Amino acid sequence: MKNITIIADDLGLMPQISNGILKCAKDGLIDGAAFLVNAPGTAHALSLLPQMKNVEIGLHLGIVEGYSLTRRHSILDAHRYFPDAPCLYLNWKVFSKAYFQGKIKLRELSEEFDAQADFFVKNIGPIPFLNGTQHLHMFPGIFPIMLDLCRKYQIPKIRISSVGIAEMMFSRKKILGSLMMNYCQLGAEKELHSRGIHSIGKTYGVTISGDMGNEFMDFVIKESVKKHIELVMHPGYNDNGLKQISQENYGHFDWEKEMASLYYLKEKMS
């Protein structure tokens, strides 16, 4: 779609989510999907990739959520919310608290990132773009690690998350978090250009993740007249089991509503 690049996050999270993203890919609703290599649905999503040749598959780096591939102590949640293997911190709130208390060892975090990128390259191929779960890759101490990863694996694009004033009005409860993200974005932009790495476009959909409807799509269409946009989406088939596992992250999510809004956007833009 003109001036709008649509990226579906969380491919590989759960089969229901991945099946919905596959439907979006087949129907020409998305341009790319960000793949989780450390989630319960990773193996299932890998089996779907031959049917998704028309979309770009990038790496959705697990900073929080999902299993740890390296099992380094400082990055693990005490609660094993997914069975069978140690898990990363469940969400940005508990991770951020540990991070600012100095409990997260950046060396261990870097090793985890490298393991995930290595898995992607060995099982999928070159990484065309990179982003992080819950936008935590924007943290000042973490973003340089992300850029080193881009250099090592020759990743040309990385998401630079930020929130415009107009978008903040769609989710006023998240204004403080949006301002913090924008602060991180200022420093990230300087480092990004100095290394010759690019972003896909100005991000939209960050504050309203999981509950994006037609009204927001109308807003995005108007905004796309002035700039190139990366629309951050979370389409899929609804997964009540995931909501029970992670109420904090997904209690408000309506994946099928986001799928429906993509059909609406396609119709409006055609």
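1. Start with asparagine 91. This residue sits in the loop between β3 (56–61) and α3. Helices (H or I, at least four residues) and strands (E, at least two) are DSSP runs, numbered from the N terminus. The model is predicted, so local features need pLDDT of at least 70 and side-chain atom pairs count only at pLDDT 80 or more, while totals for chains, interfaces and linings use all residues. Residues are numbered from 1 along each chain as its sequence is written, and side-chain values use heavy atoms, with hydrogens and water left out.

2. Is asparagine 91 buried or exposed? Its relative accessibility is 6%, so asparagine 91 counts as buried. Buried means under 20% relative accessible area, exposed over 50%, and partly exposed in between (1.4 Å probe, protein chains only). Leaving aside neighbours within four places in sequence, asparagine 91 is in contact with Val64, Gln134, Glu248 and Asn249. Contact means heavy atoms within 4.5 Å. Valine 64 is 27 residues from asparagine 91 along the chain, yet their C-alpha atoms are separated by 5.6 Å.

3. Asparagine 91 also caps the N-terminal end of α3. A side-chain oxygen of asparagine 91 lies 3.0 Å from the backbone nitrogen of lysine 93. The asparagine 91 side chain reaches the backbone nitrogen of valine 94 too, at 3.3 Å. A polar contact is a pair of N or O atoms within 3.5 Å; within protein, one must be able to donate a hydrogen and the other to accept it, and residues adjacent in sequence count only if both atoms are side-chain atoms.

4. Now helix α3 itself, residues 92–100. Phe95, Ser96, Ala98 and Tyr99 are buried there. They cover an arc of only 165° around the axis, which puts them on the same side of α3. The arc is that of the directions from the helix axis to the C-beta atoms. The buried residues pack against α4 (106–123). Lys97 and Phe100 are exposed, on the face turned away from the buried side. Glycine 102 follows α3, with a positive phi near 80°.

5. Next, α4 against helix α5 (residues 143–153). Their axes come within 10 Å and cross at roughly 35°. Axes are lines fitted to C-alpha atoms, for helices over the stretch in contact, and angles run from 0 to 180 degrees between N-to-C directions. The crossing of α4 past α5 is right-handed. A crossing is left-handed if the near helix is turned anticlockwise from the far one by less than a right angle, and right-handed if clockwise. On the α4 side, the residues that meet α5 include Phe113, Ala117 and Val121. Among their counterparts in α5 are Ile145, Leu149 and Tyr153.

6. Aromatic rings deserve a look. How many aromatic pairs are there? The count comes to 13. Rings of Phe, Tyr and Trp (its six-membered ring) pair if their centres lie within 6.5 Å; planes under 30 degrees apart count as stacked, over 60 as edge-to-face and the rest as tilted. Tyrosine 204 and phenylalanine 219 have ring centres 5.8 Å apart and planes at 50°, so this pair is tilted. The pair links distant parts of the chain: tyrosine 204 in strand β6 (residues 202–204) and phenylalanine 219 in helix α8 (residues 214–223), 15 residues apart. Both tyrosine 204 and phenylalanine 219 are buried.

7. Phenylalanine 219 has another tilted partner, phenylalanine 216, at 5.5 Å centre to centre and 55° between the planes. Both lie in α8, three residues apart, about one turn of the helix. Phenylalanine 216 is buried. Elsewhere, ring pairs link Tyr89, Phe95, Tyr99, Phe100 and Phe139 into a cluster.

8. Check arginine 159, in the loop between β5 (157–158) and α6 (165–168). Its relative accessible area is 1%, so arginine 159 is buried. A polar contact of 2.9 Å joins its side chain to that of aspartate 9. Beyond four places in sequence, arginine 159 touches residues including Asp9, His135, His137 and Glu230.

9. Two backbone angles stand apart. Most residues other than glycine have a negative phi. Aspartate 10 has a positive phi near 80°. It is found in strand β1 (residues 4–11). Glutamine 134 has a positive phi of about 55°. This residue is in the loop between β4 (129–132) and α5.
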